[in-house]
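Open the model in your viewer and keep the selection tool ready. We will go stop by stop.

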Amino acid sequence: MAEAVVSAVSSPSVAVPAPLPVRAVLPWAFFVGLLALIALYFVGAEQGATSLFAGSDVHEWVHDGRHLLGFPCH
């Protein structure tokens with residue numbers, strides 16, 4: 001009789017999300033990492049000898065981010 005009471009009082013089942021396979025996540029992780037490296041280049045090194053674009057337009061666009069992240073630029 002005690003078993004019937006316990007089963008009637010038990011909590012409802014909780015839905016567990018399906019695990020993501022590594023093969024589904026790996027291309028997205030690579031893409032996000034590549035974008036992060038490109039952003040880091042433009043914020044940290046796009047000026048002077050390593051400049052890909054002539055002028056100081058890119059420098060002015062990322063100037064505040066450069067200071068925020070501690071990159072010297074003056």
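**Stop 1: the whole chain.** Colour by secondary structure. The protein has 4 helices and 0 strands. Reading along the sequence gives the pattern α-α-α-α. This is a predicted model, so colour by confidence next. The average pLDDT is 82, and 86% of the residues score at least 70.

**Stop 2: the two ends of the confidence scale.** Select residues 2-9, which make up helix α1. Confidence is lowest here, with a mean of 56. Where pLDDT is low, the predicted coordinates should not be read in detail. Now select helix α2, residues 22-44. Confidence is highest in α2, at 93.

**Stop 3: the surface.** The accessible surface of the protein comes to about 6500 Å². Carbon and sulfur atoms account for 73% of that surface. How many of the 74 residues count as buried? The share is 9%. Contacts tell another part of the story. Take those between residues at least 6 apart in sequence: 23% of them join residues at least 24 apart.

**Stop 4: a nonpolar patch.** Select Trp 28, Phe 30, Phe 31, Val 32, Leu 34, Leu 35 and Ile 38. Together they make a nonpolar surface patch of about 750 Å². Click on Leu 34, one of the patch residues. Leu 34 sits in helix α2. Is Leu 34 buried, exposed or partly exposed? Leu 34 counts as partly exposed, because its relative accessible area of 40% falls between the 20% and 50% cut-offs.

**Stop 5: aromatic pairs.** Show the side chains of the aromatic residues. A search of the whole structure finds 3 aromatic pairs. One of them joins Trp 28 and Phe 31 in an edge-to-face arrangement. Their rings are 6.4 Å apart, centre to centre, with 85° between the planes. Both residues lie in helix α2. They are 3 residues apart, about one turn of the helix. Trp 28 is exposed, at 60% relative accessible area. Phe 31 is partly exposed, at 42%.

Move on to Tyr 41 and Phe 42. They also form an aromatic pair, and the pair is edge-to-face. Here the centres are 5.3 Å apart and the planes are at 70°. Tyr 41 is partly exposed, at 24% relative accessibility. Phe 42 is partly exposed too, at 22%. Tyr 41, Phe 42 and Phe 53 form one aromatic cluster.

**Stop 6: His 59.** Select residues 57-61, which form helix α3. His 59 has its place in this helix. His 59 counts as buried because its relative accessible area, 11%, is under 20%. Which residues does His 59 touch, not counting those up to four places away in sequence? The answer is Gln 47, Arg 66 and Cys 73.

**Stop 7: His 63.** Select helix α4, residues 63-68. His 63 belongs to this helix. His 63 is buried, with a relative accessible area of 15%. Leave out residues up to four places away in sequence, and His 63 touches Cys 73 and His 74. Keep Cys 73 selected, and look back at His 59, which touches Cys 73 as well.

**Last stop: a distance.** Pick the C-alpha atoms of His 63 and Gly 44. These residues are 19 apart along the chain. Their C-alpha atoms are separated by 9.5 Å. Draw a distance line between the two atoms to finish the tour.

Definitions and conventions:
Residues are numbered from 1 along each chain as its sequence is written. This is a predicted model: local features need pLDDT of at least 70, side-chain atom pairs count only at pLDDT 80 or more; totals for chains, interfaces and linings use all residues. Side-chain values use heavy atoms; hydrogens and water are left out. Helices (H or I, at least four residues) and strands (E, at least two) are DSSP runs, numbered from the N terminus. Buried means under 20% relative accessible area, exposed over 50%, partly exposed in between (1.4 Å probe, protein chains only). Contact means heavy atoms within 4.5 Å. Accessible areas come from the Shrake-Rupley method with a 1.4 Å probe; for residues, only the protein chains shown count as cover. Patches are made of residues with over 30% relative accessible area and no salt bridge: like charges are joined within 9 Å, nonpolar side chains (Val, Leu, Ile, Met, Phe, Trp, Tyr) within 5 Å. A salt bridge is a side-chain nitrogen of Lys or Arg within 4 Å of a carboxyl oxygen of Asp or Glu. Rings of Phe, Tyr and Trp (its six-membered ring) pair if their centres lie within 6.5 Å; planes under 30 degrees apart count as stacked, over 60 as edge-to-face and the rest as tilted. pLDDT is the predictor's confidence in each residue, from 0 to 100.
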